[in-house]
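Have the viewer open as you read.

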Amino acid sequence: MPHDFRLNDSSTSDLRFVVDGQEFFVHKMVLRRAPYLAEFLGKDPHCTRIVVSNASSAAFQTILETLYGAAIENAVPPDCDPRFIQLVWEVSIRFGLEAIVRYTSDLLLECLNDEIVCSILLTIRKYPQVSAAISMCNALLQAQCLEYVATHEDQLLEMPDYRLLKTESATLSRAIAEKKTKGNTKKDCSTAQSNCCWNPTHCFKAQSNCC
């Protein structure tokens with residue numbers, strides 16, 4: 001990348017982003033590394049200002065810094081606040097940055113908690129049209145989030161994102177219910193196996209009925 005391409009260099013930039021009231025001066029040539037932005041700018045090459053809604057300016061800046069050459073591992077270390085990891089993950093989905101989506105998805109799998117799990121599910125639902133690689137990452141993350149919600153539902157009941165999830169997505173609600181049912185079935189199966197271990201014939205039937 002040419003040495004004179006620096007983030008927030010207003011004297012050489014040919015595009016401005018406005019995110020949550022904060023301006024970022026960038027270069028279209030650098031943004032070509034982001035597939036969705038490259039496609040957008042290709043359709044409107046004379047664009048000089050883009051207002052980005054529903055995005056964290058700090059997360060957006062982190063993504064821009066990686067486009068300008070910063071290592072994502074340094075910008076978003078594993079011990080980073082899970083909420084910030086989630087925000088960077090969402091912006092990377094919007095930009096179509098597969099490597100960053102993959103990295104942040106892996107971090108989120110390690111730090112799922114009550115505060116972010118439902119928001120992650122809502123975000124995945126919000127962006128259905130993604131690349132195959134991002135879709136695979138999202139599918140794995142969604143499966144783990146559904147498992148988390150199914151096993152921690154009692155403590156999530158008062159969370160606004162949980163209520164929104166249950167209200168807006170019947171599909172996800174059914175998936176959570178199915179996860180809970182499977183979890184209960186596994187418990188029943190384990191109990192049946194332990195109770196019938198002295199009777200081989202009965203034990204075989206119990207295993208067959210609950211697998």
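1. A quick definition before anything else: a polar contact here is a pair of N or O atoms within 3.5 Å, and within protein one of them must be able to donate a hydrogen and the other to accept it. With that in hand, look at Ser-105, whose side chain makes such a contact with the side chain of Trp-89 at 3.3 Å. Bear in mind that this is a predicted model.

2. Where does Ser-105 sit? It belongs to helix 6, residues 98-110. The cut-off for buried is under 20% relative accessible area, and Ser-105 has 3%, so it counts as buried. Apart from residues up to four places away in sequence, Ser-105 touches Trp-89, Cys-137 and Leu-141.

3. Now follow Trp-89 to Thr-123. Thr-123 is part of helix 7, which covers residues 117-126, and is buried because its relative accessibility is 3%. Beyond the residues up to four places away in sequence, Thr-123 touches Trp-89 along with Gln-86 and Glu-90.

4. Ile-120 is worth a click too. With neighbours within four places in sequence set aside, Ile-120 is in contact with Gln-86, Trp-89, Leu-108, Leu-112, Leu-141 and Cys-145. Ile-120 is also among the residues with the most contacts inside the largest nonpolar core, a set of 62 residues; others on that list include Phe-17, Phe-60 and Phe-95. Helix 8 (residues 132-156) supplies the largest share of this core, nine residues. In soluble globular proteins, nonpolar side chains tend to be buried together.

5. Strand 1 (residues 15-19) pairs with strand 3 in the parallel sense over four bridges. Across that pairing, Arg-16 stands opposite Arg-49 and Phe-17 stands opposite Ile-50. Which residues of strand 3 are on its covered face, and which on the uncovered one? Ile-50 and Val-52 make up the covered face, while Arg-49 and Val-51 make up the uncovered one. In a regular strand the side chains alternate between the two faces of the sheet.

6. Finally, confidence. The protein averages a pLDDT of 85, and 84% of the residues score at least 70. Residues 188-211 stay under 50, and the model has nine contacts for them beyond four places in sequence. Where pLDDT is low, the predicted coordinates should not be read in detail.

How values were computed:
Residues are numbered from 1 along each chain as its sequence is written. This is a predicted model: local features need pLDDT of at least 70, side-chain atom pairs count only at pLDDT 80 or more; totals for chains, interfaces and linings use all residues. Side-chain values use heavy atoms; hydrogens and water are left out. Helices (H or I, at least four residues) and strands (E, at least two) are DSSP runs, numbered from the N terminus. Buried means under 20% relative accessible area, exposed over 50%, partly exposed in between (1.4 Å probe, protein chains only). Contact means heavy atoms within 4.5 Å. pLDDT is the predictor's confidence in each residue, from 0 to 100. A nonpolar core is a set of buried Ala, Val, Leu, Ile, Met, Phe, Trp, Tyr and Cys residues joined through side-chain atoms within 4.5 Å. Two strands pair if DSSP finds at least two bridges between them.
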